[in-house]
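Here is a short report on one structure. Keep the sequence and the model in view while reading.

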Number of protein chains: 6
Amino acid sequence: MASWLPTLKTETPEEGYDLAIKLSRVAVKLTQPDAEVRDRLRPTYAEDPDALIAVSQVVATHFATIAAANEYWRDTQDKG
Amino acid sequence: MASWLPTLKTETPEEGYDLAIKLSRVAVKLTQPDAEVRDRLRPTYAEDPDALIAVSQVVATHFATIAAANEYWRDTQDKG
Amino acid sequence: MASWLPTLKTETPEEGYDLAIKLSRVAVKLTQPDAEVRDRLRPTYAEDPDALIAVSQVVATHFATIAAANEYWRDTQDKG
Amino acid sequence: MASWLPTLKTETPEEGYDLAIKLSRVAVKLTQPDAEVRDRLRPTYAEDPDALIAVSQVVATHFATIAAANEYWRDTQDKG
Amino acid sequence: MASWLPTLKTETPEEGYDLAIKLSRVAVKLTQPDAEVRDRLRPTYAEDPDALIAVSQVVATHFATIAAANEYWRDTQDKG
Amino acid sequence: MASWLPTLKTETPEEGYDLAIKLSRVAVKLTQPDAEVRDRLRPTYAEDPDALIAVSQVVATHFATIAAANEYWRDTQDKG
């Protein structure tokens with residue numbers, strides 16, 4: 001089976017950010033493996049400002065790790 | 001399409017701080033993609049001290065990452 | 001008795017993530033050693049979005065440590 | 001216009017701490033730009049222990065960044 | 001009097017984790033020095049999932065510090 | 001006037017921990033400068049497990065900074 005997380009390397013900061021979001025979601029999945037329950041919970045927290053901010057805190061923590069892993073993409077040319 | 005995050009480099013600490021705010025907002029957008037819902041939630045949390053403090057915590061975490069990426073702007077001349 | 005944490009080294013980022021989850025759970029066990037109580041609490045927080053997000057924050061913090069310990073698996077070939 | 005954040009460098013740890021407090025407040029201002037609303041909220045959270053502790057958490061996060069930027073003021077002579 | 005914290009060095013990651021738990025508890029003791037009050041509070045938070053998760057967050061933060069202090073026990077042979 | 005924070009250097013980890021507690025308290029003082037109000041709030045949060053844990057989180061964050069500033073007291077002989 002392919003790994004869901006083969007590497008922390010990404011081409012760009014934006015892809016690093018997407019990976020941070022993925023990492024923040026996997027912990028939820030592993031704690032609540034029942035997809036049906038997760039689907040039931042989603043509307044509640046997606047309209048709860050506190051939950052949305054808390055999610056973005058988790059993303060920020062993972063993004064810090066991924067940015068360090070990529071040495072902050074310092075050698076990457078801007079492509080914006 | 002242009003990337004919304006082509007680089008973590010900024011000219012000054014102040015621009016780095018602005019980028020930290022941007023990064024903190026994107027996670028909310030990706031978790032609650034419906035702009036109408038977000039607009040409805042904004043007045044609530046913008047008057048909720050706990051939410052405002054929680055937002056500033058997320059910003060602080062992203063600012064730490066961006067500051068490290070810019071080696072703390074140590075070579076930048078003060079322009080204040 | 002074998003140690004439950006002989007090393008922070010893992011082969012891959014995915015195994016590092018699994019270890020982060022383990023580390024986040026051990027603190028709960030050491031604070032609430034009664035397995036029966038923990039089993040009673042589990043259904044409650046596993047359906048509480050705030051608790052699920054808070055767990056993923058702890059995992060993110062441990063993952064940062066483990067990733068640094070493994071120098072971000074930079075020398076690991078992608079195996080995904 | 002002068003920048004509100006021209007540099008992360010400070011002469012002493014104490015000034016670094018003051019800067020950390022400033023950084024923690026700016027995010028609140030940028031999320032709730034209406035000074036009148038902020039003034040109305042202040043008495044509430046200034047008497048709420050949870051809010052006060054949460055503020056000090058944000059300050060601690062910014063102080064970590066500023067301390068690193070100043071290489072922990074290791075070359076500074078004690079002036080206390 | 002012997003110091004309760006003579007060093008951050010530990011032989012193994014597991015001992016480092018135990019030290020992280022100790023560090024997380026001392027702050028509570030210093031804020032609430034009355035052992036009787038602490039004993040009264042314990043049953044409440046030991047059955048409160050939110051409190052248990054919050055404790056494990058503090059432990060994770062201290063473990064990060066201790067792991068860095070020990071250079072992640074990279075030179076330690078696995079003994080598990 | 002003497003600085004309340006002339007340096008982040010301490011002789012031992014234990015003194016570093018004490019300094020972390022001091023740093024966590026100063027932010028509260030600067031946000032709520034009225035000592036009478038702070039005295040009124042203290043009994044409430046000193047018996048609130050959530051507040052006690054939140055305080056220990058702030059202390060953990062400051063301790064990380066102070067430990068890094070002291071290079072984890074690696075050259076200090078154990079004196080425990």
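The sections below take up a helix pair and then a chain interface.

## Basis

This is a predicted model, where local features need pLDDT of at least 70, side-chain atom pairs count only at pLDDT 80 or more, and totals for chains, interfaces and linings use all residues. Residues are numbered from 1 along each chain as its sequence is written, chains are lettered from A and ligands numbered from 1 in the order written, and side-chain values use heavy atoms, without hydrogens and water.

## Helix packing in chain E

Helix α1 (residues 13-31) and helix α3 (residues 49-69) of chain E have axes that come within 8 Å and cross at roughly 130 degrees. Helices here are DSSP runs (H or I, at least four residues), numbered from the N terminus. Axes are lines fitted to C-alpha atoms over the stretch in contact, with angles from 0 to 180 degrees between N-to-C directions.

Residues of α1(E), including Pro13(E), Tyr17(E) and Leu23(E), meet Val58(E), Val59(E), His62(E), Phe63(E) and Ile66(E) in α3(E). Contact means heavy atoms within 4.5 Å. The contact residues divide into 10 nonpolar, 3 polar and no charged. Ala, Val, Leu, Ile, Met, Phe, Trp, Tyr, Cys and Pro count as nonpolar, Asp, Glu, Lys and Arg as charged, and the others as polar.

## Interface of chains C and A

The contact takes 27 residues from chain C and 32 residues from chain A. Together the two chains bury about 2,600 Å², 67% of it on carbon and sulfur atoms. Buried area is the accessible area (1.4 Å probe) lost on being put together, summed over both parts. Glu14(C), Tyr17(C) and Ile53(C) supply 22% of the area that chain C buries against chain A, more than any other three residues.

Chain C and chain A share 2 salt bridges. A salt bridge is a side-chain nitrogen of Lys or Arg within 4 Å of a carboxyl oxygen of Asp or Glu. One salt bridge joins the side chains of Glu47(C) and Arg40(A) (3.5 Å, N to O).

Key:
Helices (H or I, at least four residues) and strands (E, at least two) are DSSP runs, numbered from the N terminus.
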